[in-house]
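Here is a friendly walk through one protein model. Have the sequence and the 3D view open as you read.

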Amino acid sequence: MSYQYLLLPRMRALSANAQPAWWVIGPPAMTAYAGFAHHMALAAGAQRHEGFAVVHHDIEFLGEEHRGRLMPHQFRAASYIDENDYASKNKYVLSSQPTARCHVRTSVVIRLADDELVDLIQVSGALRGARLAGGQIVEHEFLPRSDGPGACLLQGHQLEQFARNLRSGFSIVDRQDLMQPVSGERDPLDALLRATDPNRDDGIGWLCPTALGYREITERRLRPGSRGGLPHAFAEPLVGLVQFVPLRTEGLRYWAFTRPVPGVTVLTHVD
């Protein structure tokens, strides 16, 4: 199958979510990138996309550093109506909202079937109000052209040149292979904590836990207020391990959702 590639280069998103799961702080979740890629493919007029790749350029966590530990900036809630919604019995204490935010610069490549008709003007319009992991996109280098310098709709041979022109950045690689428990470990969580131990000395570079999907924890059924009147289920995020590898050595790696078993949806690499 032949492809064309929609490039969304060097986007800068402000105050993006840096909490992929309630117990993890790190770069925006891969699931957030998946939702963004799906939104942009629809804006382009495509029926579907055949995977997306992420190039990470830079990140700035919003917080203070104390003795080598990040202390994320926190938001405090205000009283809603009559001060009865405070989390504390002390009326002078406002609710603390556990959160972590970041500024991030990234490029996203969306792979589309070659016969999809792409409207680059619609993509340009969608980027004006788009968000990535909740962060407002305030800068980008997207040019609605399919030929000439800076073209953002390319064929395969042109994509290689685009990757070389980026010069810097990190490709995000799935490392579920490092989550296999070894002797003395009870489950994959033990393996993940071992792999991300800052004191480890295994020669493996930048590893990071992230949300790679979700698992439904209730049955799907119609519920009042569900979007589009579709069946609804509650779900919990599935955390996996990824590695940030220099683009010049790894190249672009594409991700797509799969459903290995009923009720489970995860992102994995696709060819």
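## Ground rules

Helices (H or I, at least four residues) and strands (E, at least two) are DSSP runs, numbered from the N terminus. This is a predicted model, in which local features need pLDDT of at least 70 and side-chain atom pairs count only at pLDDT 80 or more, while totals for chains, interfaces and linings use all residues. Residues are numbered from 1 along each chain as its sequence is written, and side-chain values use heavy atoms, with hydrogens and water left out.

Let's begin with the backbone. Arg-10 sits in strand β1 (residues 3-17), and its phi is near 45°, a positive value in a residue other than glycine. Arg-10 is buried, at 16% relative accessibility; here buried means under 20% relative accessible area, exposed over 50%, and partly exposed in between (1.4 Å probe, protein chains only).

Arg-67 also has a positive phi for a residue other than glycine, near 55°. Its place is the loop between β3 (63-66) and β4, and Arg-67 is exposed, with a relative accessible area of 79%.

## The nonpolar cores

In soluble globular proteins, nonpolar side chains tend to be buried together. A nonpolar core is taken as a set of buried Ala, Val, Leu, Ile, Met, Phe, Trp, Tyr and Cys residues joined through side-chain atoms within 4.5 Å. The largest one has 57 residues, and the members that touch the most others are Leu-8, Met-30, Phe-36, Met-40, Phe-52, Val-109 and Ile-110. Helix α1 (residues 30-43) gives the largest share of this core, 8 residues. There is also a second, separate core of 9 residues, with Ala-21, Leu-178, Met-179 and Val-239 among them.

Which residues does Val-109 touch, not counting those up to four places away in sequence? The list is Tyr-5, Leu-6, Leu-7, Gly-51, Phe-52, Ala-53, Leu-159, Phe-162, Leu-252 and Tyr-254, where contact means heavy atoms within 4.5 Å.

## Pocket and cavity

Rolling a probe the size of a water molecule over the atoms shows where empty space is left. On a 1 Å grid over the protein atoms alone, a cavity is a set of points where a 1.4 Å probe fits but cannot get out, and a pocket is an open set with protein on both sides within 12 Å along at least five of seven lines; lining residues have an atom within 4 Å of a point. Grid points are joined across faces, edges and corners, and a volume is the space filled by probe spheres set on the points.

The largest pocket holds about 670 Å³ of space. It is lined by 22 residues, of which Ile-25, Gly-26, Leu-70, Thr-196 and Pro-209 are the closest to its centre. Two or more lining residues come from each of β2 (52-61), β4 (69-72), α4 (188-195) and β12 (206-216), with β12 giving the largest share, 4 residues. By class, the pocket lining has 16 nonpolar, 4 polar and 2 charged residues; Ala, Val, Leu, Ile, Met, Phe, Trp, Tyr, Cys and Pro count as nonpolar, Asp, Glu, Lys and Arg as charged, and the others, Gly among them, as polar.

The whole structure has 1 cavity of 30 Å³ or more, and the largest cavity has a volume of about 40 Å³. Its lining is made of Pro-27, Pro-28, Met-30, Tyr-33, Ile-172, Cys-208, Thr-210, Val-242 and Phe-244. The cavity lining divides into 8 nonpolar, 1 polar and no charged residues.

## Salt bridges

Side chains of opposite charge can pair when their charged atoms come close. A salt bridge is a side-chain nitrogen of Lys or Arg within 4 Å of a carboxyl oxygen of Asp or Glu, and the whole structure has 8 of them.

One of these joins Glu-50 to Arg-48 (3.2 Å, N to O); Glu-50 is buried at 18% relative accessibility, whereas Arg-48 is exposed at 52%. Arg-175 pairs with Asp-177, with 3.0 Å between the closest N and O atoms. Here Arg-175 is buried at 17% and Asp-177 is partly exposed at 45%. In the bridge between Arg-194 and Glu-185, the closest N and O atoms are 2.5 Å apart; Arg-194 is partly exposed at 35%, and Glu-185 is buried at 18%.
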